[in-house]
Each structure stands twice: as C-alpha cells, then as structure tokens.
Amino acid sequence: MVVRMRVNRSKTGKRRSHHALAAARPVTCDCGAERLSHRACPSCGKYNGKVIIDVVARAKRQSRRDKKRQKELRAAGQEKDTTNKETKQEVTT
Ligand SMILES: [Zn+2]
C-alpha cells in the first residue's frame, strides 16, 4: 500500500465501530413457537395467518430422504452410526 493511502489505527477503529452484528429478535408465533419476523414459522408453516409451508409433507419428505441415505451408506459398507461409536470408544479408553 502506498504510504499516502495508509489509514491510521484511529480511522480503522472508527470505521469498524459500526461493524457489530445485532442479535436476531424472535417473535412469538400464533402457534406459540418462536420465529423470526418476516419469515414463515418453521413449526406450523404459517405466514401472515395463512399456511404457506406444508410442514407434515416436509417432515415426511425429510424422513424418507434420511432413510434413503442410511440405506445407501449401509450398501456402501460405511454406516455413519458405527463409525461414530468407534471414535467415541477410542476417546473414552
Ligand atoms: Zn407457528
């Protein structure tokens, strides 16, 4: 960097003083769960009083995908759960 363009520590600090991230403020949904404002509720799937996301169908789809993945891993001979147990046992002993 050219010396002429060098920013001193004071200027850098002043610029960075506005870089802090604000924590998300969740609001309470009609169903009682906490959700982010301007977002559909992940537990009931409602947005602005209307059902937007079919939560039941989504859960079914996810469980089906998980089953399929487990099946594939078992077929490949590298099941996830067994490897985790082995590593845990190594840590404890
Ligand atoms: Zn909800």
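Figure 1. Over the protein the average pLDDT is 86, and 83% of the residues score at least 70. Where pLDDT is low, the predicted coordinates should not be read in detail.

**Figure 2. Order of the elements in the protein.** The protein contains three helices and four strands. Read from the N terminus, they follow the order α-β-β-β-β-α-α. Of the 93 residues, 1% are buried. Among contacts with a separation of 6 or more, the share made by residues 24 or more positions apart is 0%.

**Figure 3. Helix α2 and the glycine that follows it.** Helix α2 covers residues 55-76, which is 22 residues. Helix α2 is hardly covered, as the count of buried residues among its 22 residues is zero. Just after α2 comes Gly77, whose phi is positive, at about 80°.

**Figure 4. His38 in the loop between β2 and β3.** The loop that holds His38 runs between β2 (34-36) and β3 (46-47). His38 is not a glycine, yet its phi is positive, near 65°. Is the residue buried or exposed? His38 has 8 other C-beta atoms within 10 Å; a residue with 12 or fewer counts as exposed, and therefore His38 is exposed.

**Figure 5. Asn48 in the loop between β3 and β4.** Asn48 is located in the loop that lies between β3 and β4 (50-51). Asn48 also has a positive phi, about 55°, although it is not a glycine. Within 10 Å of Asn48 there are 7 other C-beta atoms, so Asn48 is exposed.

**Figure 6. His38 and Asn48 viewed together.** Along the chain, His38 and Asn48 are ten residues apart. What separation do their C-alpha atoms have? The C-alpha atoms of His38 and Asn48 are separated by 8.7 Å. His38 belongs to the loop between β2 and β3, and Asn48 to the loop between β3 and β4.

Note on methods
Residues are numbered from 1 along each chain as its sequence is written. This is a predicted model: local features need pLDDT of at least 70, side-chain atom pairs count only at pLDDT 80 or more; totals for chains, interfaces and linings use all residues. Helices (H or I, at least four residues) and strands (E, at least two) are DSSP runs, numbered from the N terminus. A residue is buried if 20 or more other C-beta atoms lie within 10 Å of its own, exposed if 12 or fewer, and partly exposed in between; C-beta atoms are placed from the backbone. Two residues are in contact if their C-beta atoms, placed from the backbone, lie within 7 Å. The expected span of a helix is 1.5 Å times one less than its number of residues. pLDDT is the predictor's confidence in each residue, from 0 to 100.
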